[in-house]
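I opened the notebook to look up backbone angles and charged pairs. My entries follow the display.

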Amino acid sequence: MGVGVSGWRLARAVARTGQLGVVSGTALDVVLARRLQDGDPGGHLRRALAHFPAPEVAERVLSRYFVPGGAGDGLPYRPVPRLGLRSHRGRDELTVVANFAEVFLAKEGHEGPIGINYLEKIQMATPAAVYGAMLAGADYVLMGAGIPSEIPRLLDALAAHRPARISVAVAEAAAEDRHTVGIDPVALLGRTPGPLERPRLLAIVSSHVLAAYLARSPQTRPDGFVLESPVAGGHSAPPRGRMLLDAAGEPVYGPRDQVDTGKIAALGLPFWLAGGYATPDGLVRAVQAGAAGIQLGTAFALCRESGLDDTLRRRLLGRASSGTLEVRNDPRASPAGFPFKIADLPGTLSDPDVYGDRPRLCDLGHLRTPYRKEDGAVGYRCPAEPVDTHVRKGRPVEDTVERRCLCNGLLAAIGLGRRRPDGYREPPLLTLGQDLGFLDELPEDYSAADVVDHILSGVRAAG
């Protein structure tokens, strides 16, 4: 659901049904900047930014990126500052404003709850992104792809507008080195806004061991958990133990990878089950296992309010309906190092020829890894960058094989792909969950409300 698939329109539609609508917080700086350069159709972003509590900050973002009427399809997008350990006011302002706008629009016009989902892997964006979402009144923060042990403390500090920092993992750094990124809210905004409500934190995990680790202390304890199975879309946790692949080249999961819901329940925190539960029976089974409910991704990714490019969405639905859509759990595709689901669709990066023809480029860098260079300085690398560049940074060529640029590919999937005056258009990358059976019981072109109503029918039938 990352990079705009679960955008404000979808989250608002879900929240209006009384359920928790969740926007993706991944790369919202790029999403906002590119939508403004496309002219902000409908004026929604400008309407949101008019409510930002520091108008001069919002105005600086608008003056830098907004193009009345749109920049034109043949012109490249203006770049945004890349994530890094060094402070950068323009980057922080853009990140705060972008997350504010997405949550503001998702919450507009109803009283339902709204959450925002982040990746622990993208640590360098987290403080500014979370603060922007909190300024707009986010009710929940969900975080996966790592161990969000420092996020409870971050939320506490930002709710009081206090300066806050989190640790950033730097490869090859000495044990005594500590690298951090942070934000000083008052210095950034030039004022102290009114008190903020602290959002609840849901940690997305795939292991009861990790859940118990986080729950052990008030400093690391979330307010609940989302337990994802290996069939959930996007990134998955790798199998525990040695990586084994089946005949199709997908990771093999076994008994050690099954979450013990009884041990989760014993922690005394609510939890939701995700991955393969998108049916009325799935919700009933989850509740019977002690869960507070279920999390849905793929069913919403294919609904009318989804942020997916509509032509791509309809093509996916058509292939799924005909039984020809395959979703592979690719162990090498993601630069993040986690297995990643790729939906096979001709003309996208799932096609080996399209992947082979794409020039390797890392110009966005949200999944770059900081590393310590020989001279002690910090550099940045990504397995999806040009091969020679990656090797020069001290990594083996094997790290680059079959890696996809998720940053560019996922932006292209929502119609915001890179473009050049010579006619080059970034090919999209599509991800879904591997359980598509729910489609058999939904209308041909369904809405988010259709999904919610269908899922809840099982609970109503069970009394």
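This is a predicted model: local features need pLDDT of at least 70, side-chain atom pairs count only at pLDDT 80 or more; totals for chains, interfaces and linings use all residues.

I first wrote down my terms for exposure: buried means under 20% relative accessible area, exposed over 50%, and partly exposed in between (1.4 Å probe, protein chains only). Residues are numbered from 1 along each chain as its sequence is written, and side-chain values use heavy atoms, with hydrogens and water left out.

Entry on salt bridges. I counted a side-chain nitrogen of Lys or Arg within 4 Å of a carboxyl oxygen of Asp or Glu as a salt bridge. The search of the whole structure gave 26 of them.

I looked up D422 and found a salt bridge to R420, with the closest N and O atoms 3.3 Å apart. D422 is exposed at 57% relative accessibility, and R420 is partly exposed at 29%. I also noted that salt bridges with shared partners join D310, R313, R314 and D445 into one network.

D445 is partly exposed at 26%, and R314 is partly exposed at 46%.

Is E385 buried or exposed? I found E385 buried, at 4% relative accessibility. Its salt bridge partner is K393, with the closest N and O atoms 3.0 Å apart. K393 is partly exposed at 21%.

Entry on phi. Most residues other than glycine have a negative phi. I found a positive phi, near 65 degrees, at E172 and at E402.
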